[in-house]
Amino acid sequence: MTSTVHQSQNPATSFKRWGRKSPFVRYGLPTISLTVLGSLGLAHLLQGSKDIAKVKDDQEWEIIEARKALSRTGPVDAYQPKKISLEDELKVLQQKVDINDYEYKKIPKPNESHRN
């Protein structure tokens with residue numbers, strides 16, 4: 001009768017005994033496997049972010065190269081703004097607009113505009 005009771009508790013007790021006999025299997029193996037699998041997982045995630053950064057860098061490089069090509073052919077450097085001064089602009093504006101020639105105009109209120 002003791003053998004049947006001993007047989008029913010055998011899997012759990014044998015695992016405990018196995019852990020006491022070899023602590024590496026109980027503590028070391030899970031720790032090492034967690035470390036290795038974690039490093040592999042992190043490497044996979046970092047590789048993904050590196051790929052995304054590489055694509056962005058490639059796109060920026062293509063834009064820079066396109067601008068260089070355009071500047072060699074002319075369109076980028078074709079725009080040469082003229083030198084302007086504020087005094088000259090003020091004189092031109094004063095010639096266009098006469099501030100003494102005006103007329104009063106009534107601005108309708110929001111309620112009045114709906115009645116008309």
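1. A word on terms before we start: helices (H or I, at least four residues) and strands (E, at least two) are DSSP runs, numbered from the N terminus. Please keep in mind that this is a predicted model, in which local features need pLDDT of at least 70 and side-chain atom pairs count only at pLDDT 80 or more, while totals for chains, interfaces and linings use all residues. Residues are numbered from 1 along each chain as its sequence is written, and side-chain values use heavy atoms, with hydrogens and water left out.

2. The protein chain has five helices and zero strands, so its elements, read from the N terminus, go α-α-α-α-α. Of the 116 residues in the protein chain, 2% are buried (buried is under 20% relative accessible area, exposed is over 50%, and partly exposed is in between, with a 1.4 Å probe and protein chains only). The accessible surface of the protein chain is about 11700 Å², and carbon and sulfur atoms account for 61% of that surface (Shrake-Rupley method, 1.4 Å probe; for residues, only the protein chains shown count as cover).

3. Helix α3 covers residues 23-73, and an annotation falls in this part of the chain. The unreviewed UniProt entry lists residues 24-46 as "transmembrane region"; UniProt positions are given in the numbering used here, feature names are shortened, and annotations may be inferred rather than shown by experiment. In the model, residues 24-46 are 100% helix and 0% strand, with 31 Å between the end C-alpha atoms.

4. Helix α3 supplies its largest share, seven residues. Patches are made of residues with over 30% relative accessible area and no salt bridge, where nonpolar side chains (Val, Leu, Ile, Met, Phe, Trp, Tyr) are joined within 5 Å and like charges within 9 Å. One member, Val36, sits in helix α3 and is partly exposed, since its relative accessible area is 42%.

5. There is a positive surface patch too, built from Lys16, Arg17, Arg20, Lys21 and Arg26. Lys and Arg count as positive and Asp and Glu as negative, with His and the chain ends not counted; a charge is placed at NZ of Lys, CZ of Arg, CG of Asp or CD of Glu. Helix α2 (residues 10-21) contributes the most to the positive patch, four residues, among them Lys16. Arg26 belongs to helix α3. Lys16 and Arg26 are 10 residues apart along the chain, and their C-alpha atoms are separated by 9.2 Å. Lys16 is partly exposed because its relative accessibility is 48%, and Arg26 is partly exposed at 43%.

6. Finally, which side chains meet in a salt bridge? The structure holds one salt bridge, between Asp58 and Lys54, at 3.4 Å from N to O (a side-chain nitrogen of Lys or Arg within 4 Å of a carboxyl oxygen of Asp or Glu). Asp58 and Lys54 are four residues apart in helix α3, which means that about one helical turn separates them. Asp58 is partly exposed at 37% relative accessibility, whereas Lys54 is exposed, with a relative accessible area of 51%.
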